[in-house]
Amino acid sequence: MAREATLARPLARPLLTRRAREVLTGYLYLLPVVIALGATVVVPIVRAIQMSLYRNVLIKPQEYGFIGLGNYARLLDDDVFWLSLWNSFYWVFGSVSLQFLGGFVAALLLHQSFQGRAAVRTLTLLPWIIPGVVVALIWEYLYQPNYGALNDLLARAGLMTDKVAWLSNPSLAMPAVIATNVWRGVPFFAIMLLAGLQAIADELYEAARVDGAGVLERFWHITLPMLRPIIVVATATRIIWTFNYADLIFVMTSGGPANATQITSTYTLLQAYSNLDFGYAATLSVVLLLIMLAFTLLYLRVTRGVEPVA
Amino acid sequence: MDERWRLSRRQILKGMAAAGALTTAELAWWDEPLIAPRRAWGAQPVRFQFSVPEPKRTALVESLAQRFNQSQKDFEVKVEFVPQAQARQKLITSIAAGTPPDVAQVWDNWVGEFDGMNAVEDLTPKVRDWSGYKDVLPLAWETVTVKKRILSFPWVVTNDGVYWRTDRAKEYGAKPPKDDWSFDDFLAYAKTMTKPDKNQYGFGMRGQGTWAVLYATEFMYANGAQVLGRDGKVAINSKEAAEALDWYLDLFRKHKVCPPSVPTDGWRGIVEGFGRGVTNSYIHNSGSSEEQKDFVKPENFATVPLPFGPAKKRSSFYFSETLTPFKAGKAREGGFKFMAWAMEPEPHFMYSKTLGLLPARKTVAERPEFTRDPALAGFIKSFPFSIVSPYLAHAGWGGKLDSEGVPLFQQALVGRLTAREFLDKFAEVLSKNMS
């Protein structure tokens, strides 16, 4: 009887190589994020760009149509837009720089050990926890020239004789809303920087102390470089947020008086919901996006990204 | 707390009624429907958007909806409350998305915009067949008529008048404002009533929001100015308008009879300023009269018409809070029935009286609750010379008044523009947006 030989059958060659399968699996894992980001970020941006190329005033549907760069040309002649852009820079850099300074000081203080530190840290977060609209209403009341607490305190302290109209005077309105925003934003920087401070190894400071480094030298050569990644990320995100942040100004001054606090994001709202000019509002949004993109690239280049210094 | 153990107001009231602890007579008008049976199943829902500035309105409108639902079985009104500041924005976005409510409470100056968006329908034939048509004041119909088509029901109406402090006028020896007072009398009153050492100012001028420009325009009309000339062109930058505006702005700039917060004082600012005793007069519609009765007390204030200007003229802008149905609404028949029902004498009276606004129906407006209330006297006396706001003439003006007119006006207030410069720029804005 002939013995049957067992022959090994070659395995079917897979359609994809092992490497290709691995790569594909990786991309499949990413797919939900891509879909979510595409639907919530990319599509609205593309839609806004498309809308900015149309004349789209809701109360004039008969005039709806493609106008190319017409809205962008109109923007060049719009004095209020240029004023709002200038105000936006004033608002953003005034707010973020002071928030950063205040936050840094607060973080350094909260990093020290003292009794009740946990409670103080929690309390420090309070302004950040309160919703923006509520903060705006509280400060609007504090600034109220006729019956607000601020004027009353200054008068009682003998620092003021005439009532100051903080939000109604065009020269004071922007500093006043910036001060409110600083009060609200300091905890954000304080907590971020405090987390960074806690991650710096004590050995570094001890070694520096042994080498004879003073307080300022330790701060300059250890604390600041070690915090740099956090500083870069925190300031960049805060700048972007503040540029788009309209709640405070909208509630406190509505962009007034006489456009003194009109920033580009409140002006965009005004165009969309007062004038119902969605084409022009989309144009303002696209310009704001481009400015933010350019700024972020420049900022990351100047600060050499978030990689720690070698 | 476990949801199962929470009782709604309806359940509490029903329980109390069942226990005999409550009689219908003891209930507030707006609580009564809550103990009655609900509507039958299968009724078509009617979406009604209402903007809520205060809890009293919420209870009142909820009650109106319940009463309507109990009055018939085919439709069920569901109220969608939205904050007043977002009401217009919500409507615009829902219209753009093709999902507007069936009916909404809308200010008359928005109706033209919605017509421009092709979102509202011509109600003229239906309204003319409605039993109460002839009882509604013709001027009220005018506020909701665009291009000779009636687009809404004028739910309640009002006009502008001057609120003033009777008690303090006596205390400071000020000449009390009379029905036929003049610009000079107005200034004299404001000066006498300004006491900076007591943190009191004679007049609470409005500097924020559309009505800041409207109130200033009323003073311009008192000097013979017009927004539109006879040729249909913008004529607001006339000599008469500039003179009157200069005089008006000087109340704040030169005479200092207004508080320093004027450039950012919106309606809340002027109403609260008077209510807290900071200002001793302000211009507003009758809508804040009920609030002032709580703040200042009824015996301490009164209302009077706006003063005569140098041209021996005066005006008060008349406007309405409307019930407006939308073309894309799914329950148009139910929406119309609800609006017609809300205009019936009882709900119409309760709504107007509770809010301090004036009824659009003549028979209701003639009731003593309105005619004998001193807080409303200034408004009722202003009816003979009231006109529909001239800024309703073009739909494109509504938003521009807010976005461009107000910032320009504020520039004039703070001295960055003269009255003449403001009017020239403002006229340019209006001319560009005639539609």
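Residues are numbered from 1 along each chain as its sequence is written, and chains are lettered from A and ligands numbered from 1 in the order in which they are written. As the model is predicted, local features need pLDDT of at least 70 and side-chain atom pairs count only at pLDDT 80 or more, while totals for chains, interfaces and linings use all residues.

**Chain A**

Chain A holds 13 helices and 2 strands; helices (H or I, at least four residues) and strands (E, at least two) are DSSP runs, numbered from the N terminus. Its C-alpha atoms fill a box of roughly 120 × 75 × 35 Å, taken along the principal axes. The radius of gyration of chain A is 28 Å, whereas a compact globule of 310 residues would have a value near 19 Å. This radius is taken over C-alpha atoms, and the globule rule is 2.2 Å times the number of residues to the power 0.38.

Of the 310 residues of chain A, 33% count as buried. A residue is buried if 20 or more other C-beta atoms lie within 10 Å of its own, exposed if 12 or fewer, and partly exposed in between, with C-beta atoms placed from the backbone. Among contacts in chain A between residues at least 6 apart in sequence, 67% join residues at least 24 apart; two residues are in contact if their C-beta atoms, placed from the backbone, lie within 7 Å.

In chain A, the contact between the domains takes 5 residues from domain 1 and 7 residues from domain 2. The side of domain 1 of chain A that touches domain 2 of chain A divides into 4 nonpolar, 1 polar and no charged residues. In these classes, Ala, Val, Leu, Ile, Met, Phe, Trp, Tyr, Cys and Pro count as nonpolar, Asp, Glu, Lys and Arg as charged, and the others, Gly among them, as polar.

In chain B, 13 residues of domain 1 and 11 residues of domain 2 take part in the contact between the domains. On the side of domain 1 of chain B, the elements that give two or more residues are helix H4 (108-116) and helix H17 (374-380) of chain B. The largest share of that side, 6 residues, comes from H4(B). By class, this side of domain 1 of chain B has 6 nonpolar, 5 polar and 2 charged residues.

**Contact between the chains**

The contact between the chains takes 31 residues from chain B and 24 residues from chain A. On the side of chain B, helix H3 (84-96), H4 and helix H18 (397-413) of chain B are the elements that give two or more residues. H18(B) gives the most, with 7 residues. The side of chain B that touches chain A has 11 nonpolar, 15 polar and 5 charged residues.

H4(B) is largely enclosed by the rest of the structure, because 9 of its 9 residues are buried. Among them are Trp110(B), Val111(B) and Phe114(B). The buried residues of H4(B) pack against several elements of chain B, including H3, strand S3 (103-107), strand S10 (316-325) and H18. After H4(B) comes Asn118(B), whose phi is positive, near 60°.

Pro101(B) lies in the loop between H3 and S3 of chain B. It counts as buried because it has 27 C-beta neighbours inside 10 Å. Leaving aside neighbours within four places in sequence, the contacts of Pro101(B) include Arg47(B), Phe48(B), Glu80(B) and Phe326(B).

**A sheet of chain B**

Three strands of chain B form an open, antiparallel sheet in the order S8-S7-S9; two strands pair if DSSP finds at least two bridges between them. The edge strands, S8 (281-285) and S9 (301-304) of chain B, each pair on one side only. Neighbouring strands of this sheet are turned by 35° against each other on average, direction ignored. Strand S7 (residues 160-165) of chain B is joined to S8(B) by 5 bridges, and Ser281(B) in S8(B) is the bridge partner of Trp164(B). Helix H11 (residues 267-275) of chain B packs on the sheet, touching S7 and S8 of chain B, and its direction makes about 130° with that of S8(B). Axes are lines fitted to C-alpha atoms, for helices over the stretch in contact, and angles run from 0 to 180 degrees between N-to-C directions.
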